[in-house]
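Here are my notes for you, written as I went through the model. Have it open beside you as you read.

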Amino acid sequence: MKQQKIVVLGTGGTIAGKSAQAGDNIGYQAAQLGVAELLDAVPGLPAVLQDCELEAEQVAQVDSKDMDFGVWQRLALRCEHWLAQPEVRGLVITHGTDTLEETAYFLQAVLAPDKPVVLACAMRPATALLADGPQNLLDAFAVALAPSAHGVLAVCAGQVHGALDVRKSHTYRLDAFDSGEAGPVGQVEEARVRWLRPCAADEGAASALQALRGAPAWPRVEIVMNYAGAGGAAVDALVQGGVQGLVVAGTGNGSLHHELEAALQRAQAGGVRVLRTTRCAYGRVLPKPGDALAVAQGLSPVKARVAMLLSLLAP
Ligand code: SIN
C-alpha cells in the first residue's frame with residue numbers, strides 16, 4: 001500500500017499575493033507566489049499532515065476576478081486525475097476569494113467527489129503584517145484529512161462551507177464568507193474539525209465533466225438584474241449578440257419590471273434559456289403557478305449561471 005497523499009493545486013489569488021509595503025492590504029498584486037512558496041510559509045504543516053505525503057502542482061496563476069473557462073477546464077481535469085489515484089486522500093486548492101464560490105459550485109457539479117476537495121484562500125496578501133493565508137491553508141489540510149470530509153468545501157477564517165451555500169459576503173474582513181441561512185458545515189479549531197452538520201455533497205454528475213473535456217469554449221450566459229427603472233434594452237442587445245442563456249437577479253421573490261420581464265419572455269420564446277433568481281442575500285425565489293420564467297432552485301445568480309453553462313454544455 002502506497003503512502004497516502006494530499007495534493008495541493010495552486011491557482012493564484014490574494015493568498016499568493018505580494019505588496020510593495022507590508023501594511024498595504026488593498027494595493028497589492030494577487031497571484032505572485034508559487035504554490036510551493038505558500039506551503040513553505042505554513043508552520044506546523046508536518047504535524048497536521050502526520051505521515052501523509054504532500055505534492056504540489058501549479059495549475060494556474062490568476063487573480064480570480066479573471067477566472068475563465070480554460071482555467072476551470074484545466075483545474076477540473078487535474079482534480080479528476082488526482083482524485084482517481086488510490087493513494088490520494090484529498091485535494092487542497094489555493095484560490096482567490098472573489099470568484100471562489102463559483103469555482104466551488106462548478107467543481108462540485110462536474111466532479112461530485114467522494115474525497116474532499118478543499119478550497120483555501122486569504123483576504124490579505126502573503127506579505128501583509130497579518131497574513132491569513134498560512135492559517136487558512138493549515139485549516140484546509142485539517143479538513144482534507146478529517147475522516148468524514150467529502151465533496152467540495154471551502155475554508156476561511158476557521159469556518160468550513162459547502163460548495164452549494166458558500167458565498168463571499170464581505171469585501172474586507174478576514175472572515176469574508178458565509179453560507180447564508182444554511183450556515184457553515186463545520187469549524188476548524190486547533191487543527192481539528194468540528195462538524196456542525198453533514199457535508200451535503202451529493203450534487204453533481206460525472207457526465208458534466210465528459211462534456212467539459214472536449215468543449216472548446218463555454219456557451220454565452222449572462223446575468224441581468226432588476227432594479228427601479230430597469231428596461232428591456234440590455235436583454236434585447238444580448239439576444240441580438242447571440243446570448244444562449246440569461247440569468248436574471250430579480251427583486252424580492254424574483255419580481256421583474258414589466259419591461260424587463262417582457263424582454264426576457266421574448267428572449268425565451270426565441271430559444272434563449274432564462275432562469276429567475278433573486279438579488280436578496282437571504283431566501284429563495286418561490287415559484288407561483290403560471291409563472292412564465294423558471295426559477296433557479298435557491299441558487300444565487302452566479303451559481304445559477306454556472307448551472308446553466310453546464311446544462312448547455314451537457315444538455
Ligand atoms: C482574487 O480573488 O484572486 C483576489 C482577491 C482575493 O483573493 O481576496
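Predicted model: local features only at pLDDT ≥ 70, side-chain atom pairs only at ≥ 80, totals over all residues.

1. Residues are numbered from 1 along each chain as its sequence is written, and side-chain values use heavy atoms, with hydrogens and water left out.

2. Strand β1 covers residues 5-12 (strands are DSSP runs of E, at least two residues, and helices runs of H or I, at least four, numbered from the N terminus). Because 8 of its 8 residues are buried, β1 is largely enclosed by the rest of the structure. Buried means under 20% relative accessible area, exposed over 50%, and partly exposed in between, with a 1.4 Å probe and protein chains only.

3. β1 runs parallel to β2 (residues 53-62), joined to it by 7 bridges; two strands pair if DSSP finds at least two bridges between them. Valine 7 has glutamate 55 of β2 as its bridge partner.

4. β1 also pairs with β3 (residues 88-94), again in the parallel sense, over 6 bridges. Here isoleucine 6 stands opposite glycine 90.

5. Please look at alanine 112, in the loop between α4 (100-111) and β4 (116-120). Its phi is positive, near 40 degrees, in a residue other than glycine. Alanine 112 counts as partly exposed because its relative accessibility is 25%.

6. Alanine 191 also has a positive phi, near 65 degrees. Its place is the loop between β9 (186-189) and β10 (192-195), and at 37% relative accessibility alanine 191 is partly exposed.
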